Amino acid sequence: MPHFLASHITLPPMPFTQEGYTFVYEAKQCNDSSQSLILVRYEDNEFFLRKAWRGNKNNAILKCEKSTKTQPTGIIKNALKILCAYQKNVISHNLNKNTPRQNLQSPYFQSMDFFLDFAKPCLIEIGFGSGRHLLHLAQSNPHLMCIGIEIHTPSIEQILRQVQLLGLENLYIINGDARILLEILSSHIAQGIYVHFPVPWNKKHHRRIFSPKFFQESLRVLDNNGVLHLRSDDEIYFQDALSLALQQESISLEIHKNQQEVITSKYEARWKKQQKNIYDLKIFHTYKNTNNEKNVKNTQKNFYFDKILRKNLDNYKNFPHKKIANDWFLHIDNLYCAGDIYVLALCFGDFNQPQSKFLQIEFCNNVSARYIGSNPIPTQAAIKAHKYLIQILTQE
C-alpha cells in the first residue's frame, strides 16, 4: 500500500487544490488526536488518507485508508506525493514512479453497485488470481459478459492491463467480496460460476467462500443447467464442498480427479510440480419456472438519513459500540471531527461478509449525511444495520 514515513507530518491549510486533487479537510479522532483522516477528491474518486503517529517507532505515517481505496493505485500514490512534497523530514516512502498498470483507468473496472441492475447473461469467476482462466473465458465467449471478482489489488491491476492489450470488451472486474455480489445479482443470469483454487481455510471454515448461503445464492443466480465449478488441490475442501452440494435440491454432479483443463493457472502448475492431486466438482442446477421470467431480488437500493441530532454525536464518544443481532451486526468503531463535520467509522452487515464504510455528517445550514465514496451494498443485513444506525442518530 502506498505510504510515506516522517518524523513529523505537516499539512497545508485545507481545503486546497493541486494537480486536480482537492484535499477537503482533516478530521481528528475524538478519543485519540494522534489519528486523523484526510478527505481527498480526484475526478470521480473520493477516498481518505490516514495520518497516524506511531509512538512505538517514534515516527508518523500517511497512507490510504484501506476501506476507501480506489483504483488504479496511481491515484492514491499521486495524492500522497503531493503531501510528501510538503515534508522536510521524510524518513522513507514507496512513492516512486507509477507503473503503466498503476496509472491505467479502465472502463471495465466497476464498483459493486454497478451490478444492482445488471441482468445480462454472464459468466462469473471468483478469485481469478493471475487471470489466465478468466481471460480465456472472455476470449472464448464473446457473446457473454464475463465478471471477475478479486480482493488482491496487484492481480486486478495486472488483468486490467491485459484486458487493454487484448482489446477485450466483454469483461468486468470488481474489487470486493463475491458473496455480496451474488446476493445482489439478478436471478438466473449466470451460465457458469467458477471458483478455482480458493484458499482452503481448513482451520477457519467461516472464512471459506463455500457455505450453505453461498450455495443458495449461487443456485439462484445460475441459469437453467448453469454450472458451479470448484477446482481445488485440497481434498478436505473438496469433500466438504461435495457434502454441502449433496444437501441441495434439483442438482446433478460431475466429479473428476486430475482432469486436464485447457488453461493451467500458475497455482495449478505449482501444485502439479508438487505431484498434488487436482479435484473438480461441477454442480449443475435445474429449476422450474413456469413463466420463464428472469427474477430480480427485491432489494432496497437507497440509504438515507433524516433528522440527525448533533447532541447524539457530541455525547456519543464511548467507542467501540456494538449491536449484534441474529443475522446482522453494527460496529461503530470511532468518531472523527473537523469543525462542523463528523465522520463515523462503521463496520456492519453479515458476520461472514461485513462491509466497512465511513459516514460523513455535516452540520451547516442544513444537516446532511452520506456514506463516503458510495453507499453500502444493499444486502439484507446491511439494510437492517443501517436502520439501527438511524435510530442511534435520530432518537431524542
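Two residues are in contact here when heavy atoms of one lie within 4.5 Å of heavy atoms of the other. Keep that cut-off in mind for the first stop. The model on screen is predicted.

**Stop 1: phenylalanine 118 and the cores**

Select phenylalanine 118. Leaving out residues up to four places away in sequence, Phe118 touches Met145, Ile147, Tyr172, Leu185, Ser186 and Ile189. Now widen the selection to the largest nonpolar core, which has 59 residues. Phe118, Ile124, Ile126, Leu171, Leu185, Phe210 and Leu228 are the members that touch the most other members. Which helix gives the most to this core? Select residues 235-245: this is helix H7, and it contributes 6 residues. Apart from this core lies another, of 25 residues; among them are Trp328, Tyr342, Ala381 and Tyr388. In soluble globular proteins, nonpolar side chains tend to be buried together.

**Stop 2: the open sheet**

Show the strands next. Seven of them, in the order E10-E9-E8-E11-E12-E14-E13, form an open sheet with mixed pairing. Why is one side of E10 and of E13 left without a neighbour in the sheet? E10 and E13 (251-257) stand at the edges and each has a single partner strand, so there is no neighbour on one side. From one strand to the next, the twist averages 15 degrees.

E13 pairs with strand E14 (residues 279-285) in the antiparallel sense, over 7 bridges. Select histidine 256 to find aspartate 280 of E14 opposite.

**Stop 3: helices on the sheet**

Select helix H3, which packs on the sheet and touches E8, E9, E10 and E11. The direction of H3 makes about 165 degrees with that of E9. Within H3 (residues 132-140), which residues are buried? They are His133, Leu134, Leu135, Leu137 and Ala138. What covers them includes strand E8 (122-126), strand E9 (145-150), helix H4 (153-166), strand E10 (171-175) and strand E11 (190-196). An α-helix has 3.6 residues a turn, so residues three or four places apart point the same way.

Move on to H4, which lies across E9 and E10 and runs at about 165 degrees to E10.

**Stop 4: two hairpins in a row**

Select residues 21-29 and 32-42, which are strands E3 and E4. These two strands pair in the antiparallel sense over 8 bridges, and they form a hairpin with 2 residues between them. Tyrosine 21 has tyrosine 42, in E4, as its bridge partner.

Tyrosine 42 stands opposite asparagine 45 in E5. E4 and E5 also form a hairpin with 2 residues between them. In this turn, glutamate 43 has a positive phi of about 50 degrees.

**Stop 5: backbone details in loops**

Find proline 15 in the loop between strand E1 (3-6) and strand E2 (16-18). A cis peptide bond joins methionine 14 to proline 15, with omega about 5 degrees.

Next, go to tryptophan 201, in the loop between E11 and helix H6 (212-221). Its phi is near 50 degrees, a positive value in a residue other than glycine. Tryptophan 201 counts as partly exposed, at 29% relative accessibility.

Finish at asparagine 258, in the loop between E13 and helix H8 (266-273). Asparagine 258 is not a glycine, yet has a positive phi of about 60 degrees. Is asparagine 258 buried or partly exposed? With a relative accessible area of 42%, asparagine 258 is partly exposed.

Note on methods: Residues numbered from 1 in each chain as written. Predicted model: local features only at pLDDT ≥ 70, side-chain atom pairs only at ≥ 80, totals over all residues. Heavy atoms only, no water. Buried < 20%, exposed > 50% of the residue type's maximum accessible area, 1.4 Å probe, protein only. Helix = DSSP H or I, 4+ residues; strand = E, 2+ residues; numbered from the N terminus. Pairing = 2+ DSSP bridges. Axes fitted to C-alpha atoms, helices over the stretch in contact; angles between N-to-C directions. Core = buried A, V, L, I, M, F, W, Y, C linked by side-chain atoms within 4.5 Å.
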